[in-house]
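Visitor: I have a structure open and would like to learn how to read its features. Could you walk me through some of them?

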Amino acid sequence: MSILSLKAMKTDIGQYAVLHDVTLEVPQGGVFVLLGRNGAGKTTTLRSIMGLWKPSAGSVIFRGQDISEMHTAEIARLGISFVPEDMGIFGGLTVEENLILATAKGQFDNARLARIYELFPALETFWTKQAWSLSGGQKQMLSVARAIIEPRELILVDEPTKGLAPAIIDAMADAFREIAQTTTILLVEQNFEFAKSLGRDMAVIDDGRIAHSGSMADFAADKPLQDRLLSLSA
Amino acid sequence: METITKIVTRFGGVSLLPVAVALLAFVLIGAPSSWVTLTIAGLAMGMMIFLMASGLSLVFGLMDVMNFGHSAFISFGAFIAASVLAGLSGWLGSDLIILNIAALFLAFAAAILFGMAAGWFFEAVIIKPVYKDHLRQILITMGALIVAEQMILALWGGAPMTVHRPQFLEGSFLIGDITIEVYRAFAFMLGLAVYVALYLTLNRTRIGLLIRAGVENREMVEALGFRIDRLFVGVFMLGSALAAMGGAIWAGYETLITPALGGEMMIVVFIVVIIGGLGSIEGTLLGAIMVGLMANYVGYLAPKLALTSNMILMMVILLWRPNGLKPAVK
């Protein structure tokens, strides 16, 4: 059963057509990875789902409801959270304030907070620090933590490993594995090893169109297909 | 520049800059009583400018709107308050302090209510169509300012208007050989109260948290489930009301106002917002106090430089800190 369906979605940015025809089924549960080269349309796909850029045609169906015309805030309230490529943290706010802002009623659920401390111990250490003073990896942890501080149905994550040290990437992979046990993750990634270690299903986008979709295990086993679709280094 | 920053940080950071300016002025002025009088005048002036500038800073920072029409709210606030005070002149001259206070309260309330209503209208009709387009924002808000000034001319005429003060705010009191004007002390206390209220709202409430987050990244606030466009309207109304209130207090301070008041204050208000750092209430207060103190000290020490002192201050600070003294976004 799909939690999210994109049907012939098209998105224009200014006068440029970036997504031409994106049709995709994201099954409920686990990590769905969207792969593609730079400029293929991965980020635009996530932003279009989130309503930050409105699709000019096609539809975005979340749990059977068409959300393509909805305001971003309403989409978020349906249970979709977004971890953008630039992390989108509020540097002038403390770690605590960044997280409390993402709660529905301005109060933490202690059990969820304890889980976040377990996943990202650094956030507890720097709880009262302003977010701008955190390292890149800690900022990414905060951005992911903010996405799961409330129960969510779907998390859209845009290139979370970009610029991070290998040790932090490993910690992030562990965190995503645990989050994916209860929440569906749509992950956009260029780091194929990271994506391969997490993904159950996957798709490749190229020039604003879905060029391939299937299981990650099959795709990981087909080196010529990877080379043809991604032109990625192994 | 890094050396200057290190020295300033070592001595307590930019928040202590007004203290440094005051100490330098103390050495240059020499006479302690004159220095105290000028310092209090500067602080009172700074607080009034803060009231006028704080709304613009929030609107600039949160909404990324260059509202050159902001001074229209200052002008209207001044004229509305002056008209209410003129209408209640009997209460102002009364020996009953309660009537004095009631007249002042009604004048400020009228200015604030007008500011809120006009702010709502201005945002809906003038600002909303030009979001994300700075050039059109400048053109349309400057046009709105011209229209507003002409409306004031049509309603109140071009002749300067005398502003009546309540009896209890007239005169001055002496502490030793130091003279302190009652109205200046009142303006300072009122400005301080508004600053504390704003500070607590921004730092101790959820709506304040949203505003601070929105100043940094509007898109992300929306992605967390909040309708920032509705927050914009509220902040715009608040900013307009603060400007109108600032205009009302400034009118009582000047006691003679003209339709050009807003336009004249706009330059100072923009300097304060730029010096302080966009979207930062603490920065706006710091910038306003610096400007108020500089205007008074320089006016006393080198009157010919009085008009340019704030421009020079802005240039020096921007060369040192291009984002202002305390920008909201690091």
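Visitor: Leaving aside neighbours within four places in sequence, which residues is B:Ile281 in contact with?

Guide: Contact means heavy atoms within 4.5 Å. By that rule, B:Ile281 is in contact with B:Phe50, B:Ser54, B:Leu58, B:Tyr195, B:Leu198 and B:Leu202, leaving aside neighbours within four places in sequence. Please keep in mind that this is a predicted model, where local features need pLDDT of at least 70, side-chain atom pairs count only at pLDDT 80 or more, and totals for chains, interfaces and linings use all residues. Residues are numbered from 1 along each chain as its sequence is written, chains are lettered from A and ligands numbered from 1 in the order in which they are written, and side-chain values use heavy atoms, with hydrogens and water left out.

Visitor: Where is the place of B:Ile281, and is B:Ile281 buried or exposed?

Guide: Helices (H or I, at least four residues) and strands (E, at least two) are DSSP runs, numbered from the N terminus. B:Ile281 belongs to helix α13 (residues 281-301) of chain B. For accessibility, buried means under 20% relative accessible area, exposed over 50%, and partly exposed in between (1.4 Å probe, protein chains only). With a relative accessible area of 1%, B:Ile281 is buried.

Visitor: What about A:Thr94: buried or exposed?

Guide: A:Thr94 is buried, at 16% relative accessible area. You will find A:Thr94 in the loop between β6 (80-83) and α3 (95-101) of chain A. Not counting residues up to four places away in sequence, A:Thr94 touches A:Trp127, A:Thr128, A:Lys129, A:Gln130 and A:Ala131.

Visitor: How many aromatic pairs are there over all chains?

Guide: Rings of Phe, Tyr and Trp (its six-membered ring) pair if their centres lie within 6.5 Å; planes under 30 degrees apart count as stacked, over 60 as edge-to-face and the rest as tilted. The count over all chains comes to 19 aromatic pairs. Take B:Phe26 and B:Trp35: their ring centres are 5.0 Å apart and their planes at 80°, so this pair is edge-to-face. B:Phe26 is partly exposed at 35% relative accessible area, while B:Trp35 is buried at 19%.

Visitor: Why is the pair of B:Tyr131 and B:Phe232 tilted?

Guide: The ring centres of B:Tyr131 and B:Phe232 are 5.6 Å apart and the planes are at 50°, so the pair is tilted. This pair links distant parts of the chain, 101 residues apart: B:Tyr131 is in the loop between α6 (97-127) and α7 (134-156) of chain B, and B:Phe232 is in helix α11 (residues 228-254) of chain B. B:Tyr131 is partly exposed, with 22% relative accessible area, whereas B:Phe232 is buried at 6%. Elsewhere, ring pairs link B:Phe76, B:Phe79, B:Phe114 and B:Trp156 into a cluster.

Visitor: Which ring face does B:Arg165 lie over?

Guide: A charge sits over a ring if NZ of Lys or CZ of Arg is within 6 Å of the ring centre and within 35 degrees of the ring normal. B:Arg165 lies over the face of B:Tyr183, 4.5 Å from the ring centre. Likewise, B:Arg321 lies over the face of B:Trp320, at 5.3 Å from the ring centre.

Visitor: How many residues has the largest nonpolar core?

Guide: A nonpolar core is a set of buried Ala, Val, Leu, Ile, Met, Phe, Trp, Tyr and Cys residues joined through side-chain atoms within 4.5 Å. The largest one here has 194 residues, and those with the most contacts inside it are A:Leu4, A:Phe120 and A:Leu186. Helix α3 (residues 32-63) of chain B gives the largest share of this core, 16 residues.
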